[in-house]
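Colleague: Could you walk me through this one, a few residues at a time?

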Amino acid sequence: MLPATFKLCAGISYRHTRNMTGLRKNAMIAIHHELNKLSGPGPSVWINHIRRRSSLLSSRIAEETYSEAEQCYVQQGQEALQKSISILSDQDGWQTEIESANGDKVMSKVLPGIGKVFKLEVMLEQKTDYLYEELVDNMEQMGEWNPNVKQVKVLQKIGEDTMITHEVSAETAGNVVGPRDFVSVRCAKRRGSTCFLAGMSTQHPGMPEQKGFVRAENGPTCIVMRPSGEDPNKTKFTWLLSLDLKGWIPKTVINRVLSQTQVDFANHLRHRMASNGGLEAAVAC
């Protein structure tokens with residue numbers, strides 16, 4: 001069976017069969033099946049090497065199934081993540097905007113070509129996995145616990161890491177800043193114990209500009225969550241925020257609103273996770 005399988009695989013390399021996606025997928029499945037039979041309880045080095053190579057090929061096959069528009073969204077999400085990591089990696093030039101008694105801190109700095117960006121740094125009492133589940137897997141429920149958000153809707157999912165969302169924000173107190181909406185591409189990644197949720201503004205045919213809302217722009221933005229070095233049951237939470245709210249709003253007002261929004265978000269998230277913990281405990285009883 002194994003020689004026949006590799007003959008099938010070799011056929012993929014010929015030009016006239018390269019576009020036969022079904023054949024390629026069947027070949028990869030067959031290879032994995034044969035490797036599993038050969039490996040036994042202790043797989044050899046060469047088998048592990050082939051498995052890694054076949055996994056990479058499987059990923060490439062999956063990428064080839066994306067349409068041109070989907071590939072563009074994936075690239076935008078990766079760009080947002082890369083830009084965000086670059087900004088957060090530079091520790092110089094940050095100025096404190098707000099520092100709460102519990103240690104929550106919002107800082108800012110002005111970047112060429114982007115403008116003013118804000119960075120929230122807090123310590124949360126929950127494990128990183130729980131927070132990732134709430135903010136990524138349960139993203140559409142955010143309007144239930146964050147009064148600054150009216151709605152989050154996933155318009156499209158592309159693979160495991162990329163999604164297009166539509167978010168509607170609530171007006172601020174006194175309607176100083178009216179309701180805004182955003183269409184964003186988001187990239188969710190996990191690297192070891194660290195989780196990332198990056199995003200930036202995009203366009204989507206399923207969500208043109210809406211009557212009654214100012215279409216604002218964001219990005220690059222990114223939430224980074226990683227376990228605390230002192231206590232793995234706690235999470236160091238960092239949120240990079242960059243927004244253009246559009247409209248005629250004084251910069252002093254925008255700066256105050258955005259920095260306070262980040263502090264409020266941390267508190268709302270704490271309350272949400274605490275209530276979830278209480279509910280889980282009640283169910284367990």
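This is a predicted model: local features need pLDDT of at least 70, side-chain atom pairs count only at pLDDT 80 or more; totals for chains, interfaces and linings use all residues.

Colleague: Where does E209 sit, and is E209 buried or exposed?

Modeller: E209 is in the loop between β7 (194-201) and β8 (214-215). Buried means under 20% relative accessible area, exposed over 50%, and partly exposed in between (1.4 Å probe, protein chains only). E209 has a relative accessible area of 63%, so E209 is exposed.

Colleague: How far apart in space are E209 and D181?

Modeller: In sequence, E209 and D181 are 28 residues apart. C-alpha to C-alpha, the distance between E209 and D181 is 8.5 Å.

Colleague: Which residues does E167 touch, leaving out those up to four places away in sequence?

Modeller: E167 belongs to strand β5 (residues 162-169), and with a relative accessible area of 9% E167 is buried. Contact here means heavy atoms within 4.5 Å. On that count, E167 touches Q151, V152, R180, D181, F182, S184, R186 and N218.

Colleague: Which residues does S259 contact, leaving aside neighbours within four places in sequence?

Modeller: S259 is found in helix α7 (residues 251-284) and is buried, at a relative accessible area of 4%. A polar atom of the S259 side chain lies 3.2 Å from the backbone oxygen of R256. Beyond those sequence neighbours, S259 is in contact with E97, I98, V106 and F118.

Colleague: Why do the buried residues of α4 line one face of the helix?

Modeller: The buried residues in α4 are Y73, V74, Q76, G77, A80, L81, S84, I87 and L88. Seen down the axis of α4, these buried residues line one face because they fall within an arc, taken from the directions from the helix axis to the C-beta atoms, of 160°.

Colleague: And which residues are exposed on the other side of α4?

Modeller: An α-helix has 3.6 residues a turn, so residues three or four places apart point the same way. On that other side of α4, the exposed ones are E68, Q75, Q82 and S89.

Methods: Residues are numbered from 1 along each chain as its sequence is written. Side-chain values use heavy atoms; hydrogens and water are left out. Helices (H or I, at least four residues) and strands (E, at least two) are DSSP runs, numbered from the N terminus. A polar contact is a pair of N or O atoms within 3.5 Å; within protein, one must be able to donate a hydrogen and the other to accept it, and residues adjacent in sequence count only if both atoms are side-chain atoms.
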